[in-house]
Amino acid sequence: MTGEKDSKTRFNGEKIKEARELRRMDITELSYRTGISRQSISNYENGGYTPKPDNMSLLSDVLKVKWSFFTQPSKSTDEPIYFRSLSAATKIARVSAMRTLDMMEEIVGAIQNFTDLPKLNIPEFDIKNPELLTHDQIEECAMACRKLWELGLEPIEDLIAEMESAGILVYTSEIDSDSLDAFSRWGNDGKPYVHLCSNKHCAVRTRFDAAHELGHILLHKNVKKSDLRYQKYFKDFEEQANYFASVFLMPEKTFLNDITRVTLSHLLRLKPKWRVSVGAMIKRCAHLELIDSEGEKYLWISRRKKWGKTEPLDNDLETIPQEEPLWIKEAIKIMIEEQYGTASEILSYLHYDNDLIAQFLNLDILRANVERGDTSDLIRRNIRESIKGGAHSNIIKFKVA
Ligand SMILES: [Zn+2]
């Protein structure tokens with residue numbers, strides 16, 4: 001648990017850098033916004049100097065972290081993060097994304113002081129050389145996961161809810177999604193985290209993204225961070241995750257039954273049922289050899305001519321509702337509503353600024369309650385004990401096997 005009050009109170013300069021990365025600031029900007037010289041900030045970061053209280057306040061205000069943040073151990077992980085692109089253009093966004101994952105782990109740790117998370121329920125595969133995975137093996141993995149989650153072979157109604165019920169921590173935030181798609185990582189707490197972009201109001205895209213990240217979680221657990229530096233491996237793993245998403249969302253048996261003709265208009269009619277894009281269906285039809293490469297090419301060209309970049313129904317959230325991760329938000333809401341803890345208490349476990357967390361989670365209830373609670377330590381302990389003791393530990397019901 002990273003949020004627990006730490007006995008260590010030594011200043012750790014690397015934490016300034018971590019906070020800068022989260023907030024996407026270079027030293028020059030931090031210097032400009034705090035009025036502290038670049039040299040001094042460098043000295044703090046390199047561990048030679050500890051800021052005086054005035055400067056600590058400035059740094060903490062501008063970086064939106066509590067003082068206690070600067071005395072925490074540095075975060076690092078050997079687990080690779082699966083981004084869609086490793087281009088230089090997205091490097092700052094990627095580093096910031098990594099820091100949001102750190103923050104998310106801390107939030108999840110804080111929630112666990114009050115209630116239990118759904119147990120991790122995913123199939124485990126012994127994949128020693130993921131780069132050698134064949135399409136058939138990927139399909140086997142996808143079907144094993146459907147079986148474990150008792151999904152049958154029909155279209156999945158709410159994929160994100162299924163992932164959350166299986167103990168996968170899914171979240172969204174408004175970070176720079178133009179340069180960055182969804183991404184995922186195994187956390188230091190041994191749990192899989194999936195970030196989805198919240199400002200892509202296209203339900204089929206969110207779903208495919210979620211299934212793609214699920215593919216990384218299931219197929220690539222043995223991949224090392226260093227493996228991803230090889231462009232070839234990186235591309236292979238991306239292709240595998242896409243293939244996983246495709247077969248997981250459109251199992252051969254049932255999907256084939258629906259494909260009476262491979263035309264744009266027929267695929268479009270199937271879109272609300274399968275909740276995948278026509279583009280994804282074209283690819284699946286090609287995998288299933290319902291069309292040859294010429295036929296596939298023809299469909300892609302016609303699709304572009306007819307619809308441009310946005311397919312019909314992409315933004316029609318009434319026909320295809322947007323799926324949203326709910327577990328973390330709901331857990332916090334319920335804890336506050338049922339008075340298991342006030343927002344202040346929950347937030348007191350975190351080393352980030354309360355407002356930053358409220359904004360990050362887009363949770364007004366945190367803002368509204370922040371000022372209110374001033375429960376004594378004794379009551380706080382009682383709440384925690386009663387919840388941990390099991391009296392309320394099942395408040396949030398999920399279908400966990
Ligand atoms: Zn990927």
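With 18 C-beta neighbours inside 10 Å, Lys64 counts as partly exposed, where a residue is called buried if 20 or more other C-beta atoms lie within 10 Å of its own, exposed if 12 or fewer, and partly exposed in between, with C-beta atoms placed from the backbone. The structure is a predicted model, in which local features need pLDDT of at least 70 and side-chain atom pairs count only at pLDDT 80 or more, while totals for chains, interfaces and linings use all residues. Residues are numbered from 1 along each chain as its sequence is written.

Lys64 is placed in the loop between helix H4 (53-63) and H5, where helices are DSSP runs of H or I with at least four residues, numbered from the N terminus. Although Lys64 is not a glycine, its phi is positive, at about 60°. Most residues other than glycine have a negative phi. A positive phi, near 55°, is also found at Glu150, likewise a residue other than glycine, which lies in the loop between H6 and helix H7 (159-165). Glu150 counts as exposed, with 9 C-beta neighbours inside 10 Å.

Helix H5 contains 21 residues and reaches 30 Å from its first C-alpha to its last, close to the 30 Å expected at 1.5 Å a residue, the expected span being 1.5 Å times one less than the number of residues. Buried residues of H5 include Arg94, Ala97, Leu101, Asp102 and Met103. The loop between H5 (91-111) and helix H6 (135-148) holds Ile122, which is partly exposed, with 18 other C-beta atoms within 10 Å. Ile122 and Leu218 are 96 residues apart in sequence, yet 7.7 Å apart in space, C-alpha to C-alpha. Not counting residues up to four places away in sequence, Ile122 touches Cys145, Ala166, Ile217 and Leu218, a contact being assigned if the C-beta atoms of two residues, placed from the backbone, lie within 7 Å.

Two packed helices are described by the angle between their axes and the distance between the axes. The axes of H6 and helix H9 (residues 231-249) come within 9 Å and cross at roughly 50°, where axes are lines fitted to C-alpha atoms over the stretch in contact and angles run from 0 to 180 degrees between N-to-C directions. That angle makes H6 oblique to H9, since angles under 35 degrees count as roughly parallel, over 145 as roughly antiparallel, 65 to 115 as roughly perpendicular and the rest as oblique. In this contact, His135, Ile138, Glu139, Cys141, Ala142, Cys145 and Arg146 of H6 meet Gln240, Tyr243, Phe244, Val247 and Phe248 of H9. These residues divide into eight nonpolar, two polar and two charged, with Ala, Val, Leu, Ile, Met, Phe, Trp, Tyr, Cys and Pro counted as nonpolar, Asp, Glu, Lys and Arg as charged, and the others, Gly among them, as polar.

Helix H11 (residues 264-274) and helix H12 (residues 278-287) pack at an angle of about 115°, with their axes 9 Å apart, and H11 is therefore roughly perpendicular to H12. Leu264, Leu267, Leu268, Leu270 and Lys271 of H11 form the contact with Val278, Met281 and Ile282 of H12, a set made up of seven nonpolar residues, no polar ones and one charged. For helix H1 (residues 14-23) and helix H3 (residues 38-45), the axes come within 6 Å and cross at roughly 115°, so H1 and H3 are also roughly perpendicular to each other. Here Glu14, Ile16 and Lys17 of H1 meet Ile41, Tyr44 and Glu45 of H3, and by class the contact has three nonpolar, no polar and three charged residues.

Technical notes: Helix = DSSP H or I, 4+ residues; strand = E, 2+ residues; numbered from the N terminus.
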